[in-house]
Amino acid sequence: MTAYKIYTRHYVLTKMKAEDGEKYFRLCGNENVMKFVTGHALTRTESDKMLAEFVKDDDGKSYFGRYFIEDRGNGDLIGAAKLDKEGRAAEIGYRIQEEYWGKGVATEIAKELIQFSLEKLKMAQVTAFVNVENYSSIRVLEKAGMKRIETIEDIDEIKHKFIYSTQNQYPMKKVFYAIFALIAIILIAAFLMPKEYGVEKEIVINKARPEVFNFLKSLENQEKWSVWAKLDPAMKKEYKGNPGTVGSVYRWEGNDQVGVGEQEIKKIIEGERIDTELRFIKPIESTSDAYLITESRDSTQTLVKWGFKGSMPIPMNIMIPFLGIEKSVGEDFENGLKNLKTLLESN
């Protein structure tokens, strides 16, 4: 009779033989170990009878049958295991000596028997049955990746049926692969898409350029024509620095529509351009550069350009097309410039 063996990292599983009566009795004489097998410890006669039945039933079955679990290093008897065949499924089971409980032995054995059944024996799935009150074995099978599919009421016990199927595992792998593929697509798209965004609108005002420019460079005047200043009449405002000079700051704190932020004049090219920095604090923290440019059309007309620009780091820049900046901010800029034109031309 061939002594079939299955190896795990720490243990070796060796097929039981007829002459192993003494060894097998050492596994059957402990009441706690036999609790969910026979419900009681076996006598030597009962143990020998059970072993004889196993050996007879296993004859000619190659890897299927009953095994002793032994330490690969010192040969100590650890427990017993079974590997049976049910159609295209393999059924696994194990008993561990009480002194080795809680040391991960059962989990290692269950995982190896599952892998061996699928890879070596080419079984479609692996099953296991466990008493509903055997909570330790239930946790072991769950750790090994098996799923509880039903509860069966036998004459003498109620037990759970667990299965491990390659068909059950592949959908999860497909989900992971799909997630990884989606992340890869997002990152590739982020590298290809622009990181900068901006909006610029313009209008012609029937006023001389010096008058228009002097009005624009005062941050205090913005609330008179800006669309956002009108969204919250109760908005708190604070001004710092000398009006119309580099370093002057306008801070606001309002409702959910306007949030909290501040604007600082960073550079002035007299009569031509005003550069400011917009620092949004709430609801989303960000920084953008804004500017106002004036160009003379003639002595009575001035072209005003109002714009801003910013950037988003990878991979956040992939959101730029979905923010609708040109539409939302662009409309506000257009309406603000119309307010400016009406205000200045009415004076």
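Tutor: Let's start with a cut-off: buried means under 20% relative accessible area, exposed means over 50%, and partly exposed covers what lies in between. Keep in mind that this is a predicted model.

Student: Fine. Why does Asp20 count as buried?

Tutor: Asp20 has 10% relative accessibility. The limit is under 20%, so Asp20 goes in the buried class.

Student: And what makes Asp20 and Lys17 a salt bridge?

Tutor: The closest N and O atoms of Asp20 and Lys17 are 3.8 Å apart. The rule asks for a Lys or Arg side-chain nitrogen within 4 Å of an Asp or Glu carboxyl oxygen, so the pair of Asp20 and Lys17 passes. In general, side chains of opposite charge can pair when their charged atoms come close.

Student: Is Lys17 buried or partly exposed?

Tutor: Partly exposed: Lys17 has a relative accessible area of 27%, and the in-between class runs from the 20% limit to the 50% one.

Student: How do you know that Arg44 and Asp48 form a salt bridge?

Tutor: Their closest N and O atoms are 2.9 Å apart, which is within the 4 Å cut-off. Arg44 and Asp48 sit four residues apart in helix H2 (residues 44-58), so about one helical turn separates them. Arg44, at 33% relative accessibility, counts as partly exposed, and Asp48, at 32%, is classed as partly exposed too.

Student: What makes S12 and S13 a pair of strands?

Tutor: Two strands pair if DSSP finds at least two bridges between them. Strand S12 (residues 260-269) and strand S13 (residues 273-282) have nine, and they run antiparallel. Within that pairing, Glu262 has Arg279 as its bridge partner in S13. The hairpin of S12 and S13 has three residues between the strands, and Gly271 there takes a positive phi near 80°.

Student: How do you know that S13 and S14 pair as well?

Tutor: Same test: S13 and strand S14 (residues 286-298) share eight bridges in the antiparallel sense, and at least two are needed. A hairpin of three residues joins S13 to S14.

Student: Which residues line the largest cavity?

Tutor: Leu219, Glu220, Tyr239, Lys240, Gly241, Asn242, Pro243, Ser248 and Val249. Helix H7 (219-225) and strand S10 (236-240) are the elements that give two or more residues to this lining. By class, the lining has four nonpolar, three polar and two charged residues.

Student: Last one: why is Ile314 called partly exposed?

Tutor: Its relative accessible area is 29%, and that falls between the 20% and 50% limits. Ile314 lies in the loop between strand S15 (301-311) and helix H8 (320-323). Ile314 and Ile188 are 126 residues apart in sequence, yet 9.9 Å apart in space, C-alpha to C-alpha.

Terms used
Residues numbered from 1 in each chain as written. Predicted model: local features only at pLDDT ≥ 70, side-chain atom pairs only at ≥ 80, totals over all residues. Heavy atoms only, no water. 1 Å grid on protein atoms, 1.4 Å probe; cavity = no way out; pocket = protein on both sides within 12 Å on 5 of 7 lines; lining within 4 Å. Nonpolar A, V, L, I, M, F, W, Y, C, P; charged D, E, K, R; others polar. Buried < 20%, exposed > 50% of the residue type's maximum accessible area, 1.4 Å probe, protein only.
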